[in-house]
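Thanks for coming. I'll take a few minutes to walk through one protein model, starting with a term we need and then going through the parts in turn.

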Amino acid sequence: METALAKAPQKRQVVFLVILLFLWEAGSEAIRYSMPEETESGSFVANLAKDLGLRVGELATRGARIHYKGNRQLLQLHTETGDLLLHEKLDREALCGATDPCILQFQLLLEKPVQFFQADLQLTDINDHSPEFPAGETLLKIPESVQPGTAFPLKIAQDFDIGSNSVQNYTISPNSHFRVVAHSLGDGRKYPELVLDRALDREEQPELSLTLTALDGGAPPRSGTTTVRVEVVDINDNAPEFLQSLYQAQVPENSPLNSSVVTVSARDLDAGLNGNVAYTLVQGDDVNQPFVIDEITGEIRLKKALDFETTQYYNVQIAATDGGGLSGKCSVAIQVLDVNDNAPELTMSNLASSTPENSPETVVAVFSVSDPDSGDNGRMVCSIQNDLPFVLKPTFKNFYTLVTERPLDRENRAEYNVTITVTDLGTPRLKTQHNITVLVSDVNDNAPAFTQTSYTLFIRENNSPALHMGSVSATDTDAGANAQVTYSLLQPQDPSLPLHSLVSINADNGHLFALRALDFEALQAFEFLVGATDRGAPALSSQALVRVQVLDANDNAPFVLYPLQNGSAPCTELVPRAAEPGYLVSKVVAVDGDSGQNAWLSYQLLKATEPGLFGVWAHNGEVRTARLLSERDAAKHRLLLLVKDNGEPPLSASVTLHVLLVDGFSQAYLPLPEAAAGAAAQSDPLTVYLVIALASVSSLFLFSVLAFIAVRLCRRGRAGLVGGCSVPEGHFPGHLVDVSGTGTLSQSYQYEVCLKGGSGSNEFKFLKPIIPRFPPQDTNEEIEGNAIFRNNLGFS
């Protein structure tokens, strides 16, 4: 048998063995109770909680239940009090038949945690059946020559009770010829024999009618009667004799009907009718007797199907009677051989509706197996498929638990179909299969996962509030509430960023909205974290980085830094009349708060007092002379310049530049032509020249001193004197510098702007270049650039 088991390595088999270890694991030996049969249903049997040492109410909290073979409910348990009650009236004869003692085994199953207790209920017999003879009349033919003391076997009375309640004695009605004697069979039953006390005389009394009474041992006793009719026949002095007093036979339980069991044989030395032997069954219930004998041949045949699980042995009494009425007897012991005709039975005691994932050693199902066959036919092996994460464990006697072998993963597999196979070891092997479906319930073991680790969103400035900027998305492989994702904004790394006033998120779908209009010039980009949290317990979350890039819109017009347009007096640029073509008159300095091409500035001369005299460089705003100056050119010029960005649509600003032509920088003030003409008419020309020369020299000296002092003070305190003065030491601040290098101050020049407050015609301002410090290699490039400018003037 072990070799046969070794041939099935694919099966994980658990051999069902009833050993003391299982009994010890259950907690203690079986508890036995006793109760008379036919007790009314609902009667109190015992208090299981008290007998098992359990607290009141513990049976209810631990999910106690009573399990009985075949799932037949004979008992009921009151889990709150622990009382064990009868569910129905029990009939010992129907449940156990002739088996003594009649013990009903049941188990107490506790589910939380799983624990078993064995208990036995013994049904004691009560005297509820009267003895019954198989026939109402028995005929005996007794020769008159029979000597006193001769015994005549009678048919046994059947009583379904056992023990003292079964047939205990036989009595015969009073007569002068016979008495009755009771003898015990091997199985404890008693059969009667009619003993002749006084010789018969056919001439005196040819026939006797006797009443045979069977009494059981109950209190009060019950009885049954039959009539024994005795016919006295003529002399027959030889009774039949069997060749054996005891015959033994074995018959398989699956033997077909009418099959031969054994043949008995008796002989009679008499001749003629007195020597003819007839065989009869003389004991047992003819109705339930599975055997029949041929009265001529003595062959015993099977008339009803045998069942080893019901009756394993039969003891049959055979009588051989000759034609003269004499008889002999023998016994036939018939043993029923078991065959493997019962497949194993599986009874499911508990099956979990679902099993949580990530929980090893979880009990999924509890079941019991049984096989009424004997020997190897009743030994069983349980197994399940090899490719499942479950294992069968024997727990108590014939109980098994189906337990998870390793943690389950619902996301990998949410349902298992388990086939429990129970196979006996008989020949041929019989098996029973039971299919169960194990559902894996979800545990929140997966955090939401974003589709991207980072998101980049683009939004144009000056957007409308509540604008949908974009979306983030996260998925959760769990199920139910564990997979429901909620989105939220997390605190940005920069605490100064007012995130919750800039952006909001839809908690259900991850849509991001701008709460207010964004300004590229104030905030070009910002980033924050978005969290995705599921609704499990405990909740799991993940986060992703979102970067919002604000796109620039052309919403800022160019702003002119120089020349200032809000001064009380216009700023006048001084140009010597001896200036060569391309002489740098001034430089228009403008900035644009936008970026990219929206900040690319171009310069254009819209209007001039004398067209063709001055030109402006379109890319850097430098105003230069376009030709040689002459005495005929007006002394004062007004230039209107346009500064325009490259946005769509373009924005622009205009600036007015005043230019004063002088003969030299010593001429600090040149009166208007009308005033000069009037003065010349009233005074001597020589005097005028002297006054002008003296004034020029004094003004130049005074201006030089003031300029030196102003430069020193500005470098120390960064503050201007009257009128204000600012000397930049480096590039303009970053917010004033165009990334393309156009539209603002060129890095090749720096200017010192001096403004002098006050009123009068002598107010002026001028822009004086400060020689920058260039690397040696840039010097030639600047010289070449000036030469190109002189040779190729491109004015607009």
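A residue counts as buried when its relative accessible area is under 20%. By that cut-off Phe291, with a relative accessible area of 1%, is buried. Keep Phe291 in mind, as I will return to its ring partner.

A word on confidence. What you see is a predicted model. The pLDDT averages 78 over the protein, and 81% of the residues score at least 70. Residues 666-683 have a pLDDT below 50, and that stretch has 13 contacts in the model beyond near neighbours in sequence. The pLDDT is also below 50 over residues 718-796, where the model shows 138 contacts beyond near neighbours in sequence.

Now the overall picture. The secondary structure comes to nine helices and 53 strands. Of the 796 residues, 41% are buried. If we take contacts between residues at least 6 apart in sequence, 69% of them join residues at least 24 apart.

Let me turn to the strands. Strands of a sheet pair through backbone hydrogen bonds, either parallel or antiparallel. Which strands form the open sheet, and in what order? There are three, in the order β10-β13-β12, with antiparallel pairing. At the edges stand β10, residues 151-153, and β12, residues 178-184; each has a single partner strand, so one side of each is left without a neighbour in the sheet. Neighbouring strands here are turned by 35° against each other on average, direction ignored. β12 pairs with β13, residues 190-196, over seven bridges in the antiparallel sense. One of the residues involved is His183, whose bridge partner in β13 is Tyr191.

Next, strand β7, which covers residues 102-111. It is mostly covered, with eight of its 10 residues buried. What does β7 pair with? Strand β4, residues 65-68, joins β7 through four bridges, and the two run antiparallel. In that pairing His67 has Gln107 of β7 as its bridge partner. β7 is also joined to strand β8, residues 114-124, by 10 bridges, again antiparallel. There, Ile103 has Gln122 of β8 as its bridge partner.

Last, the aromatic rings. The structure holds 10 aromatic pairs. One of them is Phe291 with Tyr314, an edge-to-face pair with 5.2 Å centre to centre and 85° between the planes. Why does this pair tie together separate parts of the sequence? Phe291 lies in strand β21, residues 291-293, and Tyr314 in strand β23, residues 313-321, so the pair links parts that are 23 residues apart in sequence.

Then there are Phe526 and Phe528. Their ring centres are 6.1 Å apart and their planes at 25°, so this pair is stacked. The cut-off behind that word is planes under 30 degrees apart. Are these two residues buried or exposed? Phe526 is buried, at a relative accessible area of 5%, and Phe528 also counts as buried, at 1%.

Finally, ring pairs link Phe116, Phe396 and Phe399 into a cluster. That is what I have for today.

Methods: Residues are numbered from 1 along each chain as its sequence is written. This is a predicted model: local features need pLDDT of at least 70, side-chain atom pairs count only at pLDDT 80 or more; totals for chains, interfaces and linings use all residues. Side-chain values use heavy atoms; hydrogens and water are left out. pLDDT is the predictor's confidence in each residue, from 0 to 100. Contact means heavy atoms within 4.5 Å. Buried means under 20% relative accessible area, exposed over 50%, partly exposed in between (1.4 Å probe, protein chains only). Two strands pair if DSSP finds at least two bridges between them. Axes are lines fitted to C-alpha atoms, for helices over the stretch in contact, and angles run from 0 to 180 degrees between N-to-C directions. Rings of Phe, Tyr and Trp (its six-membered ring) pair if their centres lie within 6.5 Å; planes under 30 degrees apart count as stacked, over 60 as edge-to-face and the rest as tilted.
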